[in-house]
Amino acid sequence: MKTLNKKASRLLPLTLALLFLVSGCGANSTAESGAGGAAQTGGETAVPSASAAGSASSANADYPNRPIEYVVPFSAGGGVDLVARTVAEGLSKEWGQPIEIVNKPGAGGATGAQYALKQAANDGYTVLADNVASTTMLQAGSAAAPVLLSDHEFAARVVTDAPVFVVAADAPWKDFREFSEWAKANPEKLTWTSVGPAGFSTFAVAEWLKAIGADFSRTRMVATKGASESLPLVAGGNAVLAVHTVNETSTLVKAGKLKVLAILSPERSPYYPDVPTTAEQGVKDLSVSWWTGMSFPKGTPQEIVKKWADGVAKLAQDPDFVAKLKKLQVDPNVLTGQGFKDFVKKEAEYYTGLATETGIRK
């Protein structure tokens, strides 16, 4: 027993030392696990993020995998609507998914723009068919515009088109020079159509009246939901003047219901080769122009925005797509990326100045 006690007493320090080492190693192991755990946690956090990014990328890689809603903020049959339908047909065929046109006219394009940019999800499945009226002019025309340029993820401009001044076929003026002289002398008799106080036609009329020295404030706007409503009003004598694009006016001009007095363009249109420009008829320095394209709500994945931009650029090289646009009497004039953003910004600056000077901006 004494021998055993002696042996035990000799082993005790060694046992304690081993216990300490084991305990210490355990502490160190735990500490390293914590530090390592933090690092590991970070690593583990990073792994799911990468996985999530991979999932998001994967989710967008098969975009579109269901129907897309393409919102036109004007009535059916106008220029924005017709171009949007042509684009939708081309990209639906390319991507194998339906792109459905939804017309939401009202408030000069603001109703549809608010729906597409502020109420719809920014997942790429709601697209706004933009034009000059629902973007730069909308912002320029009001100090409290319901939709600003900063609400858009601009994808692509598709076409541009020139404004034309049209009156009823039996109107008494033989040309734009004579009509301008009448408008300057009789501003209170001049009625003109527009989708709203800050619509495309409003800016074109205001710029023209400013150039000839007529009083814009004494003229009267007749509100409509778009060209398909506006032009029959003029043809029927319910308004004196409409300013719409070559594309929008061609059907009623060919039908003999409207008379084109001038085209607002540096050069004559190949679709109206016999119609002189505004400058040829003595009214110079007019620059209002028309375009249509598309944008998305802010926060839409950039790869989706780019997919649309690339898709439109590819369509513009497709002879079948170009032929369909020519039937509408427009030609592709595609602009994407930073070039499109710079174009919109510069345009907005000019229209804001014009709106302020002519009293459009409230």
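By a nonpolar core I mean a set of buried Ala, Val, Leu, Ile, Met, Phe, Trp, Tyr and Cys residues joined through side-chain atoms within 4.5 Å. Buried here means under 20% relative accessible area. Keep in mind that this is a predicted model.

The core, then. The largest nonpolar core has 78 residues, and the members that touch the most others are Y70, F179, W208, L241 and W308. Its biggest contributor is helix α6, residues 200–212, which gives eight residues. There is also a second, separate core of 15 residues, with A162, A239, L258 and V260 among them. As background, nonpolar side chains in soluble globular proteins tend to be buried together.

Next, a sheet. Which strands make up the open sheet, and in what order? Three strands form it, in the order β8-β5-β9, and the pairing is antiparallel. The edges are β8, at 242–245, and β9, at 258–263, each of which pairs on one side only. On average, neighbouring strands in this sheet are turned by 40° against each other, if direction is ignored.

Two helices go with this sheet. Helix α8, residues 246–254, lies across β5, β8 and β9 and runs at about 110° to β8.

Strand β5 covers residues 163–168 and pairs with β8 over four antiparallel bridges. In that pairing, P163 stands opposite T245, and V166 stands opposite A242. To β9, strand β5 is joined by five bridges, again antiparallel. There the bridge partner of V167 is K259.

For a parallel case, go to strand β1, residues 68–72. Four of its five residues are buried. Strand β1 pairs with β2, residues 99–103, in the parallel sense over five bridges. Y70 stands opposite I101 in β2, and Y70 was also on the list of core residues that touch the most other members.

What is the volume of the largest pocket? It is about 480 Å³. The pocket is lined by 31 residues, and those closest to its centre are D161, A162, L264, S265 and P266. A162 also belongs to the second core. Strands β4 (152–161), β10 (290–297) and β11 (331–336) are the elements that give two or more residues to the pocket lining.

How many cavities of 30 Å³ or more does a search of the whole structure find? One. The volume of the largest cavity is about 170 Å³. Sixteen residues line it, and F74, N131, V195, A227 and E248 are the closest to its centre. Helices α2 (79–95) and α6 each supply at least two lining residues. The largest share, three residues, comes from α2.

V132 sits in the loop between β3 (126–131) and α4 (136–140). Is V132 buried or exposed? Its relative accessible area is 0%, so V132 counts as buried. Leaving out residues up to four places away in sequence, V132 touches M137, L138, F200, S289, W290, W291, E347 and Y351. V132 and V344 are 212 residues apart in sequence, yet 8.6 Å apart in space, C-alpha to C-alpha.

Last, some backbone details. Y63 and P64 are joined by a cis peptide bond, with omega at about -5°. P64 is in the loop between α1 (2–61) and β1.

Two residues other than glycine have a positive phi. For A107, phi is near 55°. A107 lies in the loop between β2 and α3 (110–119). The relative accessible area of A107 is 58%, and the cut-off for exposed is over 50%, so A107 is exposed. For D285, phi is near 65°. D285 lies in the loop between β9 and β10, and D285 is exposed as well, with a relative accessible area of 74%.

That is the tour. I will take questions.

Definitions and conventions. Residues are numbered from 1 along each chain as its sequence is written. This is a predicted model: local features need pLDDT of at least 70, side-chain atom pairs count only at pLDDT 80 or more; totals for chains, interfaces and linings use all residues. Side-chain values use heavy atoms; hydrogens and water are left out. Buried means under 20% relative accessible area, exposed over 50%, partly exposed in between (1.4 Å probe, protein chains only). Two strands pair if DSSP finds at least two bridges between them. Axes are lines fitted to C-alpha atoms, for helices over the stretch in contact, and angles run from 0 to 180 degrees between N-to-C directions. Contact means heavy atoms within 4.5 Å. On a 1 Å grid over the protein atoms alone, a cavity is a set of points where a 1.4 Å probe fits but cannot get out, and a pocket is an open set with protein on both sides within 12 Å along at least five of seven lines; lining residues have an atom within 4 Å of a point. Grid points are joined across faces, edges and corners, and a volume is the space filled by probe spheres set on the points.
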